[in-house]
Structures are given as C-alpha cells and as structure tokens.
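I opened my notebook with the structure on screen.

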Amino acid sequence: MREIKCPKCGTVFTVDESGYAEIVNQIRNAEFEKAVADQIHQHETQMDNEIKLIQMQAKQDKDKAMLELNKQIDAFKARLDASDKDKQIAVIEAQNKTKEDLFEKDKKIAELENNLKMIVADSELQKRNLQNEYDIKIKMKDEEIAFYKDMKAKMSTKMIGESLEQHCLNEFNKIRSAAFPNAYFEKDNEVVKEEGDKRGSKGDFIFRDYVDGVETVSVMFEMKNEADLTASKHKNEDFFAELDKDRRLKNCEYAVLVSMLESDNDLYNNGIVDVSHRYDKMYVIRPQFFIPMITLLRNAAAKNAEYKKQIAEYRQTNIDVTKFEQEVNDFKEGFGRQYKYAQDKFKKAVEEIDKTIALLQKTKEDLLGSGNNLDKANNKVEELTIKRLTKHSPSVAKMFADNKSEK
C-alpha cells in the first residue's frame with residue numbers, strides 16, 4: 001500500500017499498488033496531453049502572427065499604392081488646369097494608369113492571399129503530423145507498459161503456480177551436477193518430536209554437503225509464500241521458533257527461511273538478513289538469494305573443514321602455535337576474497353538487470369543491499385579466534401596451553 005497526501009486539504013489516504021500505478025499513469029497522460037496541447041497552441045499562435053503580418057504588409061502596400069495614385073491624380077489635375085485638351089489626355093492617361101496600377105495591386109493581393117492560404121494549409125498539415133507523431137508515441141508507450149505489466153503478471157503467476165518450494169528445488173537442480181555434485185538437497189519428510197511435544201514438526205528441505213564422505217555443512221530450509229496463506233497475513237518472525245526447533249531436531253548447523261512474506265518490508269527486501277541475534281545461525285532471504293546463500297555457506301564451510309582437518313594434524317605433529325595462527329589468518333583472508341567474489345557477482349548481476357529493464361530497479365537495490373549482511377558475515381569471520389575454534393576440543397586447547405607454557 002502507498003500513502004498519498006492531498007495538496008489542498010492535507011488529508012492522507014492509502015491506495016494499493018494497482019491504484020497508485022493508475023493515478024501515476026493518469027497524471028502522466030494529463031501532463032503529456034497538456035504538453036502536446038501547449039505545443040500545438042504555440043504553433044497555431046506562430047501561424048496566426050505570420051498571417052497577421054502578411055495581411056498588414058498587404059494593407060500597407062495597398063495604402064501606399066493608393067497614396068501614390070492620389071498624388072499622381074493631383075498632379076494630373078494640376079496639369080489639366082492648363083488646357084482642356086491636356087486635361088482630357090491626362091484624365092485618359094490617369095484612368096489607364098489607375099487601371100494598370102489597380103490591376104497590379106489586385107494581382108499582388110491575390111498572390112499574397114494565395115500564399116496566405118498555402119501557409120495556413122501547411123500549418124494545418126504540420127499540426128496534423130505533429131498530433132499523429134504524439135499519438136504514435138503515446139500508443140507505443142502504452143503498448144510497452146502493457147507488455148511489462150503482462151510480463152510481471154506472468155512471472156508472479158508462475159511463481160505462485162509452481163509454489164515456492166518447487167521453484168527453489170528447480171533452481172537447485174539446474175546447477176546440482178556442476179556446483180554441488182556431492183550435496184544432498186531433498187524434502188524433509190520425517191516428523192520428529194521433542195520430549196513433551198505431541199504434535200512434532202518437520203522443515204521443508206534439508207541441504208547437506210560432503211567432502212571425502214565427511215559432512216561439511218547442513219542447512220534446514222523453510223519456504224513461506226504469501227499466496228499460501230488465505231486467512232491472515234503472517235510475519236517472518238512468526239516462523240523463527242519452529243524453524244530453529246526443526247534445525248536442532250535434524251542436527252543442522254544453519255537455518256534459512258526463504259520467504260515472500262512482508263513484501264513491502266525494506267529490511268527483508270535489502271538482501272540476506274542475519275537474525276542469529278535471536279536464533280543461532282538463522283537467516284532470512286528472498287528467493288533470488290537462495291542459490292547465493294547456499295554457495296556462501298558451502299564455501300565457508302569447506303574452508304572451515306579444511307582447517308579442522310589441519311587442527312588434527314597439528315595436534316599430532318605439534319606444529320608451532322604461531323604458524324597455526326598464521327593459517328587461521330590465511331583462512332580469514334580467503335574468506336574475504338570469497339566475500340569480494342560474491343559481492344562482484346552481485347554487482348555484475350545488478351549491471352545486467354539495469355541493461356535488461358528499468359522495471360527491475362527494485363531487484364537491483366535488493367542485490368546491493370545484500371552487501372551489508374555480507375559485511376556482517378565477514379565481520380563474524382574476523383572475530384574467529386583460536387579460542388573459539390578449540391572451544392569444543394579440550395585436547396587441542398590443552399595442547400595450545402602447554403605450548404605457550406613451554407615457551
């Protein structure tokens with residue numbers, strides 16, 4: 001919904017997106033029609049001024065000719081006073097001269113009138129051509145708007161029709177063999193109960209990835225589509241507690257809510273949202289961040305698994321603690337490069353969206369907004385220390401303590 005404030009009375013009222021688009025379209029059409037009318041009026045005013053100028057010039061020429069003729073007549077009258085014969089001759093000559101002058105003036109006036117008619121006709125033709133040109137532009141713009149509205153409607157219908165779960169499954173299967181050859185991503189069909197829980201619960205999908213047969217990362221996914229709710233509108237946080245429980249019961253490391261709820265909430269529209277301050281290792285994303293989220297978690301976990309393996313080797317070879325800390329720093333730098341790579345991919349996607357259609361501007365802002373949450377993820381990695389890595393490995397912690405004591 002959008003708010004609109006009346007400029008006269010100050011009353012604020014709300015309209016839905018379709019109503020808002022219709023009002024904007026009406027304002028745009030009104031402004032466009034006013035611009036066309038102003039240009040046509042300006043052209044008509046110019047033509048009227050030219051016509052008036054030609055008419056004024058013709059009148060001035062005629063008045064000038066008549067003045068000259070009167071002067072000649074007066075001269076002839078003066079000469080006629082000399083003699084009757086000369087007077088008769090002068091009268092005849094004056095009459096002939098007058099007829100010739102009048103004929104020439106009438107001819108010139110006729111030419112000016114014809115020119116005036118041609119100018120008016122040309123003005124009308126230009127006016128019609130200008131109107132036709134604007135009509136064609138308006139029609140093309142309306143067709144373009146109708147096309148993008150139809151495309152948007154089809155996209156929304158497709159998403160709802162196949163369901164958000166099926167959409168995510170399809171997106172994963174498109175790149176499964178190339179990007180996740182050793183991964184498991186299937187529906188969670190097993191209902192598990194906590195002690196005292198009579199109903200039990202299950203998530204939507206579970207993702208697990210493996211390296212050399214060892215699980216490196218696991219994610220419990222829950223998909224929520226606004227179209228799936230018919231009675232009342234829910235919020236994303238309504239599903240956090242249940243999702244966290246499903247994650248723990250299925251022994252998953254992360255929990256991710258893929259949601260189309262709260263479509264007008266800028267927090268969730270800006271990218272990957274970290275809600276681990278409320279529930280451990282939980283994130284909320286829009287469907288377009290589904291594959292990037294899995295990729296980010298998998299890549300980070302793969303590095304973490306590599307260093308877990310190195311911890312075991314260090315424990316047996318008693319490698320110096322300083323070198324181990326350097327390796328941890330290298331891991332941080334590697335994750336930073338991975339973060340930069342993901343950020344570059346987002347920027348490239350934004351550029352492609354800009355070239356494709358201005359209508360997807362909002363998606364561009366979503367992709368750019370994800371950088372803030374990636375920064376948070378990177379900051380968390382920066383906080384990674386040996387103490388945290390060995391928190392659940394007392395023997396490794398003791399080894400580090402012994403090495404420091406010996407030094």
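Is Lys281 buried, partly exposed or exposed? I looked up its relative accessibility and found 29%. Buried means under 20% and exposed means over 50%, so Lys281 counts as partly exposed. I then found Lys281 in the loop between β7 (273–274) and β8 (282–285). Its phi is positive, about 55 degrees, although Lys281 is not a glycine.

The mean pLDDT of the protein chain is 75. I read that 62% of the residues reach 70 or more. Over residues 151–159, pLDDT stays under 50. For that stretch the model has five contacts beyond four places in sequence. Where pLDDT is low, the predicted coordinates should not be read in detail. I left residues 151–159 there.

**Entry: Asn251**

Which residue with a positive phi follows α4? I found Asn251, with phi near 55 degrees. Asn251 is not a glycine either. It lies in the loop between α4 (240–249) and β6 (254–259). Next I checked its accessibility. Asn251 has 62% relative accessibility, and exposed means over 50%, so Asn251 counts as exposed.

**Entry: helix α4**

I went back along the chain to α4 itself. Which of its residues are buried? My list reads Phe240, Leu243, Asp244, Lys245, Asp246 and Arg247. I noted charged names in that list, among them Asp244 and Arg247. What do the buried residues of α4 pack against? I wrote down β5 (214–224), β6, α5 (266–269) and β8.

**Entry: Ser201**

I picked Ser201 next. It is found in the loop between β3 (184–187) and β4 (205–211). Is Ser201 buried or exposed? Its relative accessibility is 7%, and buried means under 20%, so Ser201 counts as buried.

Then I asked what Ser201 touches, not counting residues up to four places away in sequence. I found Glu190, Val191, Val192, Glu242, Lys245, Asp246 and Leu249. Lys245 and Asp246 are also among the buried residues of α4. I also checked one distance. Ser201 and Val191 are 10 residues apart in sequence. In space they are 5.2 Å apart, C-alpha to C-alpha.

**Entry: cysteines**

How many disulfides does the structure hold? I counted zero. I looked at two cysteines anyway. Cys168 has a relative accessible area of 0%, so Cys168 is buried. Cys252 has a relative accessible area of 4%, so Cys252 is buried as well.

**Entry: cavities**

How many cavities of 30 Å³ or more are there? I found two. I took up the second largest cavity, with a volume of about 40 Å³. Its lining is Ala58, Asp61, Lys62, Lys105, Lys108, Ile109 and Leu112. Two elements give two or more residues to this lining, α1 (17–80) and α2 (84–162). Which element gives the most? That is α2, with four residues.

I sorted the lining by residue kind last. It divides into three nonpolar, no polar and four charged residues.

Key. Residues are numbered from 1 along each chain as its sequence is written. This is a predicted model: local features need pLDDT of at least 70, side-chain atom pairs count only at pLDDT 80 or more; totals for chains, interfaces and linings use all residues. Side-chain values use heavy atoms; hydrogens and water are left out. On a 1 Å grid over the protein atoms alone, a cavity is a set of points where a 1.4 Å probe fits but cannot get out, and a pocket is an open set with protein on both sides within 12 Å along at least five of seven lines; lining residues have an atom within 4 Å of a point. Grid points are joined across faces, edges and corners, and a volume is the space filled by probe spheres set on the points. pLDDT is the predictor's confidence in each residue, from 0 to 100. Contact means heavy atoms within 4.5 Å. A disulfide is a pair of cysteine sulfur atoms within 2.5 Å. Buried means under 20% relative accessible area, exposed over 50%, partly exposed in between (1.4 Å probe, protein chains only).
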